[in-house]
Amino acid sequence: MNDLRNNFKLAKNTIDPNKVPKKKLYTGDEIPAVGLGTFGSDRFTKEQIADAVLGAISNGYRHIDCASVYENEPEIGEVLDIAIKGGVPREELWITSKVWNDMHGEGDVLVSCATSLRDLKLDYLDLYLIHWPYPNYHAPGCDGDSRNPDAKAFRKDEFLSTWRQLEQLVDMGLVKNIGTSNMTIAKFDEVWDDMRIKPAINEMELHPHFQQQAFYDYCINKNIQPIGFCPIGSPTRPDRDKTENDTVDIEDPVVITAAKRLGVHPAVICVKWAAQRGQIPIPFSVKENEYRGNLLSSMIDPLTDDEMEDLSKINKDCRLIKGQVFLWEGANDWKDLWDVDGVIAK
Ligand SMILES: NC(=O)c1ccc[n+]([C@@H]2O[C@H](COP(=O)([O-])OP(=O)(O)OC[C@H]3O[C@@H](n4cnc5c(N)ncnc54)[C@H](OP(=O)(O)O)[C@@H]3O)[C@@H](O)[C@H]2O)c1
């Protein structure tokens with residue numbers, strides 16, 4: 001257990017949160033431009049992840065990306081409570097959570113949000129996301145080949161009934177901003193006009209080998225701020241999420257060259273590229289030197305125009321989180337989840 005739990009204080013060399021860049025959302029709220037991920041890829045205990053959250057806050061992080069399906073919100077809630085009681089103003093923190101696929105039904109979103117609030121020991125969330133845009137459930141940690149016989153293709157009416165519940169959470173003051181995750185352009189086009197409160201954020205996979213330029217531009221044009229998950233290419237993700245064609249961002253020569261110039265780990269270049277391009281990266285790490293380096297990366301020594309240009313050219317369309325466990329009977333393969341030809345697969 002982290003000493004900070006008994007005696008919370010800011011690290012001696014804490015990074016001043018006021019100097020970390022922020023992004024202004026269309027709602028007027030400002031969100032720190034780098035956050036900390038909390039999905040431990042089954043490699044760390046809940047306590048280790050909670051310790052990392054507390055250490056990260058002590059070091060200057062103010063943006064934490066949580067989700068009920070990560071099954072560690074109660075442990076993270078304990079350390080948020082310690083940090084807030086230890087002097088970090090609640091208003092300085094940006095806490096995200098997400099409704100999991102088995103809680104999309106009528107009335108369930110409120111229950112799920114209330115559970116996250118109770119677990120995180122908060123009375124409001126800064127951001128609440130629909131984690132995946134369909135109610136196809138799979139148990140946390142299940143095998144990559146497992147399929148749920150009840151899984152169905154995306155349905156506009158189903159999605160919108162879930163979205164209405166998120167809108168109610170805003171009306172009730174439980175949530176300040178709402179958004180989506182794992183969406184596509186085609187799905188946004190289908191539901192956009194019927195969204196009374198427009199999404200402030202779309203959380204999407206973004207790293208140098210998976211830049212999703214068209215979708216990124218689409219979000220920016222619609223005033224949706226992208227948050228980029230797996231910003232380092234999730235090099236230590238679970239084996240069930242790996243395929244033999246996947247590429248490794250931190251081994252890319254362009255990333256390595258920039259890392260050598262700046263004297264940092266290639267992972268830091270991935271985070272730096274993300275923040276400099278404009279999405280909000282949420283790198284995960286439980287190691288203090290790593291999470292400090294990731295936060296600092298957004299504040300010092302910008303990548304040069306040439307480096308940004310070179311990095312823009314190493315996209316390999318390499319999606320890592322393919323989502324195959326959400327496929328429904330009759331679907332061809334994981335590409336059906338991502339509407340690659342611009343049409344929603346039925
Ligand atoms: N919305 C969604 O559907 C969704 C999906 C996936 C992820 N997410 C969110 O995105 C977060 C980040 O994604 P991720 O955890 O899969 O991948 P990631 O952040 O791309 O990669 C994390 C790994 O990179 C390594 N790393 C981090 N900082 C480093 C540094 N400075 N130097 C060297 N290595 C470093 C660490 O490996 P070691 O531990 O070996 O040091 C760490 O485990 C998740 O935690 C979660 O909050 C959301």
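In what order do the 8 strands of the open sheet stand? In this predicted model, the order is β3-β4-β5-β6-β7-β8-β9-β10, and the pairing is parallel. Strands of a sheet pair through backbone hydrogen bonds, either parallel or antiparallel. The sheet has two edge strands, β3 (36-37) and β10 (280-281), each of which pairs on one side only.

The helices may be considered next. Two packed helices are described by the angle between their axes and the distance between the axes. Helix α7 (residues 253-262) packs with α8 at an angle of about 100 degrees, and their axes lie 8 Å apart. An angle of 65 to 115 degrees counts as roughly perpendicular, and α7 and α8 are therefore roughly perpendicular to each other. On the α7 side, V255, I256, A258 and A259 take part in the contact, and they meet P266, V268, I269 and C270 in α8. By class, this contact has 8 nonpolar residues, with no polar and no charged ones.

The shell around the ligand has 30 residues, of which G37, F229, I232, S234 and F284 come nearest. The most comes from α9, with 3 residues. By class, the shell around the ligand has 12 nonpolar, 13 polar and 5 charged residues, whereas the contact of α7 with α8 has no polar and no charged residues.

How values were computed
Residues numbered from 1 in each chain as written. Predicted model: local features only at pLDDT ≥ 70, side-chain atom pairs only at ≥ 80, totals over all residues. Near = placed C-beta within 6 Å. Helix = DSSP H or I, 4+ residues; strand = E, 2+ residues; numbered from the N terminus. Nonpolar A, V, L, I, M, F, W, Y, C, P; charged D, E, K, R; others polar. Axes fitted to C-alpha atoms, helices over the stretch in contact; angles between N-to-C directions. Parallel < 35°, antiparallel > 145°, perpendicular 65-115°, else oblique. Contact = placed C-beta atoms within 7 Å. Pairing = 2+ DSSP bridges.
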